[in-house]
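Q: Hi! Could you walk me through this one, chain by chain?

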Amino acid sequence: MILDWVKIALAVLLLAVLQLSAMPQLTPSSATPDLLLILVVAVAMLRGVEAAVITGFAAGVLLDAMTMGTMGLSSLLYMGAGAGVALRLEPSEQALGPVGSPLPPRPALQFVYVVAATAAVQVGLALAHVLLGDSYPARYELASVIVPTLIQTAVAALVLLPLLRRLLPYRPRIDVSAIATA
Amino acid sequence: MLIGKNRHLRRRAVIGLLLAASLTLLTLSFRQGSQGAIGAIQRGALAVTAPLSTATTRVTQPFVDAWNWAGGLYDARSENVKLKRELEQARATNVTLQQALDDNAQLQKLLKFTQNSQVASQYPYVGATVITQPGNAYSQTITLNVGSSAGIAVNDPVVAPAGDSTVFAGLVGRVSAVTGSACHVELLLDPDYAASARVLTTTGRGIVLPNSSDPGVLALQGVSQDEAVKTGGVVVTAGIQSRQGLQSLLPPGIPIGQITSVSQSDLTATSKTIQVTPFVDLQSLDHVLVLKVHGG
């Protein structure tokens with residue numbers, strides 16, 4: 001368990017640095033792939049709600065701190081995305097036998113979750129900036145930020161998701177005591 | 001219930017705590033900007049991650065350079081193709097403009113000829129474009145894009161812009177055959193061509209023929225030894241009319257060429273041997289005027 005958190009912490013640090021240092025130089029547009037979000041979604045799928053929320057919070061704080069942005073904004077969005085994915089994958093009583101454990105979604109579905117979460121975070125970020133009064137025109141946001149980020153994140157996910165699956169092997173997160181009482 | 005009650009509470013506590021922390025950070029961030037605790041957090045994060053960022057940049061720099069090099073190469077290739085296409089277009093435009101300039105210069109000369117030449121003022125004329133050039137040295141004929149429908153008739157003289165600046169246009173030849181929309185012109189250099197001519201400022205008269213020993217040059221034959229004909233003299237059509245009423249096919253005064261040599265081959269000969277270079281370059285004709293002497 002502790003080793004998991006060490007791995008996640010290192011991954012957050014490494015991906016934040018990569019996202020802000022290397023990616024802007026490798027991508028053709030001003031948008032960059034959201035590597036931290038891929039990590040948050042992967043943690044949500046492989047480790048559940050709590051881990052996803054904690055990872056999202058840490059990743060968001062680090063990202064906002066490194067970019068000298070509005071602290072807390074990325075955290076909220078990442079936490080929301082992580083919690084949303086994790087809760088959607090939470091096993092229900094009907095889906096699970098008394099001693100069984102759910103498998104993580106297939107790789108293709110994991111990819112879909114990453115894309116969906118990226119879209120949600122990007123739209124959320126744009127809406128937040130509208131609320132904060134420092135938004136760009138909608139057409140620019142869509143064409144130059146949201147869509148390029150979505151595409152680049154999807155491409156990055158093709159490489160990053162398999163690595164994260166190796167880094168954080170799947171572990172059933174069923175409360176054994178709860179099953180026993182059931 | 002699959003998830004125990006304690007775990008539910010713990011989850012809610014974690015989410016609530018982090019949510020509150022995020023909102024607190026957000027509020028503080030708006031209140032303090034980059035000052036105070038928020039600024040300290042940001043500076044601290046920067047201090048921790050800056051060395052990592054530097055190291056990452058160093059590690060990834062070769063890949064970034066390779067990526068940028070590949071991208072630059074692709075851009076350079078695309079730009080190269082684009083520039084080549086533009087260069088071809090510019091060249092084509094340049095050729096067109098150059099052609100227009102040449103045409104303009106030739107047409108200006110013809111216009112000046114019509115304004116200054118007595119012949120052009122006596123006869124109606126029509127402009128024409130050469131549609132076929134001389135096929136070979138033995139067939140010195142050209143085809144024009146005007147014919148009998150424009151009033152052209154056989155034996156009408158044809159003039160073209162001259163290369164020499166002293167005259168604007170010179171004789172090219174005569175119309176030898178006509179159709180409704182085109183005509184053939186027999187050039188001065190055709191072996192069958194002959195025209196009566198005289199040398200300006202003298203009374204010397206003779207017949208202009210192609211020079212059989214020097215293609216591209218004319219010979220003026222029949223000029224008496226007594227005539228003071230000199231190199232540089234201008235030869236024009238004579239427009240002879242005989243006492244019997246016979247008239248030469250060409251009207252008088254159309255420039256033909258310039259005398260380039262005068263000699264006497266034989267002491268007993270009665271006439272001089274005179275070489276005449278045509279004013280018009282007969283190998284590159286584009287625009288001509290047909291003087292409607294016989295038609296029109």
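**Helix packing in chain A**

A: Happy to. In chain A, Leu73(A), Leu77(A), Ala81(A) and Val85(A) of α4(A) meet Tyr113(A), Ala117(A), Ala120(A), Val121(A), Gly124(A), Leu125(A) and Ala128(A) of α5(A). Two residues are in contact if their C-beta atoms, placed from the backbone, lie within 7 Å.

Q: What is the make-up of that contact by class?
A: The contact of α4(A) with α5(A) has ten nonpolar, one polar and no charged residues. Here Ala, Val, Leu, Ile, Met, Phe, Trp, Tyr, Cys and Pro count as nonpolar, Asp, Glu, Lys and Arg as charged, and the others, Gly among them, as polar.

Q: Before we go on, where do the model and the numbering come from?
A: This is a predicted model, where local features need pLDDT of at least 70 and side-chain atom pairs count only at pLDDT 80 or more, while totals for chains, interfaces and linings use all residues. Residues are numbered from 1 along each chain as its sequence is written, and chains are lettered from A and ligands numbered from 1 in the order in which they are written.

Q: Back to those two helices: at what angle do they pack?
A: Helix α4 (residues 73–89) and helix α5 (residues 107–132) of chain A pack at about 145°, with axes 10 Å apart. Axes are lines fitted to C-alpha atoms, for helices over the stretch in contact, and angles run from 0 to 180 degrees between N-to-C directions.

Q: How many helices and strands does chain A have?
A: Chain A has seven helices and zero strands. Helices (H or I, at least four residues) and strands (E, at least two) are DSSP runs, numbered from the N terminus.

Q: And α2(A), how many of its residues are buried?
A: 13 of the 13 residues of α2(A) are buried, so the helix is largely enclosed by the rest of the structure. Buried means that 20 or more other C-beta atoms lie within 10 Å of a residue's own, exposed means 12 or fewer, and partly exposed is in between, with C-beta atoms placed from the backbone. Just after α2(A), Gly48(A) takes a positive phi of about 95°. Across the 182 residues of chain A, 44% count as buried.

Q: Switching to chain B, what is its secondary structure?
A: Chain B comes to three helices and twelve strands. Of its 296 residues, 29% are buried.

Q: Which strands form the barrel there?
A: The closed barrel has six strands, in the order β1-β2-β5-β4-β3-β12 (chain B), with antiparallel pairing. Neighbouring strands of this sheet are turned by 45° against each other on average, direction ignored. Two strands pair if DSSP finds at least two bridges between them.

Q: How many bridges join β3 to β4?
A: Five bridges join β3 (residues 157–161) of chain B to β4 (residues 169–178) of chain B, and the two run antiparallel. Within that pairing, Val159(B) has Leu171(B) in β4(B) as its bridge partner.

Q: What lies across those strands?
A: Helix α2 (residues 36–116) of chain B lies across β1 (125–132), β3, β4 and β12 (287–291) of chain B, at about 20° to β12(B).
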